[in-house]
Amino acid sequence: MKNSSFGAYLLVLLVFATLTCCLDARLQACQPSGKIRGIKPPPGQCNPENDSDCCKQGKMYTTYKCSPPVTGNTKAVLTLNSFQKGGDGGGPSECDNQYHSDDTPVVALSTGWYSGGDRCHNYITVSANGRSVKAKVVDECDSTMGCDDEHDYQPPCPNNIVDASKAVWEALGIPEGDWGDYDITWSDA
């Protein structure tokens, strides 16, 4: 009886160790790649529209070259971005060097998900609040760089961001008072 109890204990221990190993490996699938030090933006150089953050002098910001694995229901944080000229998105979109109307459902993805432009002009399905919307990938939300002129003196994006136009937020029926950071899921359309 003692041997079978001991054997069962070892089996449970082995299964737990295997699960811990595999879960731990998944958690380590995307580790930070470094840090950059923030600088104070020159006057008028960081557009705080849509609650965009401006870099703070001396603050350390984490950078990533990767994003969590993409699944059929990838968890992410939806943020608000203006892709129009003069908007908080900075320059033209990376995919086509164009600006896009805030009334068009378009998104920028964190660096890892942007995948060097492999998702450019493809559609993703964004789901939240009991609704879904198809949005076109037109830009990268750079997770590797920031706090410079090219990035409108904004910090690097976290590695789990879907940065969306106003049209995406409206299509999801999210009340304007909740716009900013919102938990969503997304998938390739």
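This is a predicted model: local features need pLDDT of at least 70, side-chain atom pairs count only at pLDDT 80 or more; totals for chains, interfaces and linings use all residues.
I started at S93, which is buried at a relative accessible area of 3% (buried means under 20% relative accessible area, exposed over 50%, partly exposed in between, with a 1.4 Å probe and protein chains only).

Residues are numbered from 1 along each chain as its sequence is written, and side-chain values use heavy atoms, leaving out hydrogens and water.

Back to S93: I found this residue in the loop between β3 and β4 (106-110) (strands are DSSP runs of E, at least two residues, and helices runs of H or I, at least four, numbered from the N terminus). Setting aside neighbours within four places in sequence, I listed F83, Q98, H100, V138 and D139 as contacts of S93 (heavy atoms within 4.5 Å).

Next I looked up the barrel. I traced 6 strands closing in the order β3-β7-β4-β6-β5-β8, with mixed pairing (a pair needs at least two DSSP bridges). Strands β3 (74-80) and β8 (181-188) run antiparallel and are joined by 6 bridges; A76 stands opposite I184 in β8.

Last, the rings: I got 3 aromatic pairs in the whole structure (centres within 6.5 Å, using the six-membered ring of Trp; planes under 30 degrees apart are stacked, over 60 edge-to-face, the rest tilted). W113 and W186 have ring centres 5.2 Å apart and planes at 70°, so I logged them as edge-to-face. Both W113 and W186 are buried.
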